[in-house]
Amino acid sequence: MLVGQNDPPRDTEADVAIVGFGPVGATAALALARAGLRVVVLEETGREAAAREDLSESRASTFHPPTLEILDDLGVADELHEAGLIADTYQYRDRADGLVAHFDLASIKDDTRFPYRLQSEQRNLVRIIGRRLAGIPNARLVHEARVTSVDPGNGGADSRATVVLDGGARCRARWVIAADGAHSAVRRDLGIEFPGITYPERFLVVSTTDDFAELVPGIGAVNYISDPREWLVLLRTPLHWRALFPIPEAEADGGALDPGAIQRRLQGIAPLERGYTIAHARIYRVHQRIAERFRRGRVLLAGDAAHINNPLGGLGMNSGIHDAAAAAAAVTAALRGDTGPVDAYEKLRRDVAHDYVRTVTHENWESLQEEDPEERRRRADHMRRTAADPALARAHLLRSSMLAVGEPERTAG
């Protein structure tokens with residue numbers, strides 16, 4: 001059962017301890033709990049803080065087809081759809097030339113039972129899974145559980161990992177899944193390096209309640225708009241249209257967040273005489289980093305604790321949910337006597353993060369901000385040819401939708 005917000009962390013034993021209750025930790029918890037394992041989720045924030053977070057703007061909002069298949073197998077996809085918006089097309093555009101290429105995900109209807117992207121803020125998934133876990137007696141969620149140290153055990157058949165919390169409470173578990181984000185306390189305490197790069201520009205995300213579908217005829221629900229001076233991504237969510245802009249190094253955060261500056265950027269997409277209604281605006285830095293190891297002893301890293309990337313393509317949360325499904329399936333198999341999947345987890349998931357997620361997201365960034373006119377024409381012509389050829393379009397959609405990176409594990413049970 002779920003622990004109430006006033007219940008303090010206490011010493012506990014579990015089959016699996018999960019650190020972090022974002023979309024990755026929540027997915028792993030539900031898969032493991034449905035498999036009948038004793039699961040304890042350790043979440044640093046308090047319940048009241050988590051509730052306040054529900055009112056803020058979520059970062060991730062795109063669920064790709066194979067992710068929806070994982071969530072459908074866990075029994076939560078229908079409810080997630082109720083809080084979401086189906087985006088079955090997306091476009092590549094150019095600031096000056098307009099539409100470059102239009103892709104219809106109906107082209108992959110024979111490859112997946114969800115031939116579309118679902119736009120739904122990540123908090124919706126966490127809320128839905130939280131309610132499901134509340135009805136499973138072998139699952140516990142502990143709020144205000146800040147990790148101070150981790151003993152990963154030795155990985156042997158009888159070893160245990162120990163997670164120590166602020167205040168001294170301990171959780172001993174046969175396996176630990178660290179899903180505690182980019183600043184993972186587990187990864188840091190285990191001494192696992194997190195090399196990579198930080199992009200020179202920051203990203204400004206602005207949400208508006210004004211409808212770009214009325215302002216830009218024919219625009220898609222998801223749009224990648226290239227420009228040598230200021231590229232952007234423009235997409236629709238259930239409640240807002242969201243625009244992502246790069247902020248040059250020389251521009252201060254305060255200047256970029258100035259209401260007049262935000263209006264100028266939005267007016268550059270489509271003029272609106274009365275001005276745009278701004279629901280949210282924030283700036284964040286973007287990194288490409290991959291942990292040197294995804295496993296130490298009886299601890300597996302998943303999601304942002306293991307790898308972070310720029311948001312161009314919507315691969316971060318999705319690949320993290322795939323990590324969660326694979327980690328849950330591997331741990332379940334190990335607890336039933338088959339250690340093959342858990343031994344293979346690190347290489348399989350790190351290869352996806354390195355060879356696919358890192359590569360695709362960086363390619364997207366390079367394409368959107370390309371300055372050389374000849375290279376811009378070449379890329380646009382290539383994209384037009386791809387969209388016009390059914391076979392090429394299908395191959396492109398399989399890759400961008402994460403269906404061409406190997407079949408992810410579905411559930412643990």
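**Helix α3 against helix α10**

α3 passes α10 in a left-handed crossing (the near helix is turned anticlockwise from the far one by less than a right angle). The model is predicted, with local features requiring pLDDT of at least 70, side-chain atom pairs pLDDT 80 or more, and totals for chains, interfaces and linings using all residues. Residues are numbered from 1 along each chain as its sequence is written, and side-chain values use heavy atoms, without hydrogens and water.

The axes of α3 (residues 65-73) and α10 (residues 316-335) come within 9 Å and cross at roughly 40°; axes are lines fitted to C-alpha atoms over the stretch in contact, with angles from 0 to 180 degrees between N-to-C directions. Pro66, Thr67 and Ile70 of α3 meet Asn318, Ile321, His322 and Ala325 of α10, contact meaning heavy atoms within 4.5 Å. This contact of α3 with α10 comprises 4 nonpolar, 3 polar and no charged residues (Ala, Val, Leu, Ile, Met, Phe, Trp, Tyr, Cys and Pro count as nonpolar, Asp, Glu, Lys and Arg as charged, and the others, Gly among them, as polar).

**Helix α1 against helix α5**

For α1 (residues 23-34) and α5 (residues 122-134), the axes come within 9 Å and cross at roughly 30°. α1 and α5 are therefore roughly parallel to each other, and their crossing is left-handed.

From α1, the residues in contact are Pro23, Ala26, Thr27, Ala29, Leu30 and Ala33, and from α5 they are Gln122, Leu125, Val126, Ile129, Arg132 and Leu133. By class, this contact of α1 with α5 has 9 nonpolar, 2 polar and 1 charged residues.

**The largest cavity**

A cavity is a set of points on a 1 Å grid where a 1.4 Å probe fits but cannot get out. There are 2 cavities of 30 Å³ or more, and the largest has a volume of about 40 Å³. Its lining includes Arg289, His307 and Val357, and the elements giving two or more residues to this lining are β18 (287-290), β21 (307-308) and α11 (340-368).

**The second largest pocket**

The second largest pocket holds about 830 Å³ of space; a pocket is an open set with protein on both sides within 12 Å along at least five of seven lines, and lining residues have an atom within 4 Å of a point. Of its 33 lining residues, Tyr92, Asn364, Ser367, Arg379 and Met383 are the closest to the centre. The largest share of the lining, 11 residues, comes from α12. The lining of this pocket divides into 12 nonpolar, 8 polar and 13 charged residues.

Technical notes
Helix = DSSP H or I, 4+ residues; strand = E, 2+ residues; numbered from the N terminus. Parallel < 35°, antiparallel > 145°, perpendicular 65-115°, else oblique. Points joined across faces, edges and corners; volume = space filled by probe spheres on them.
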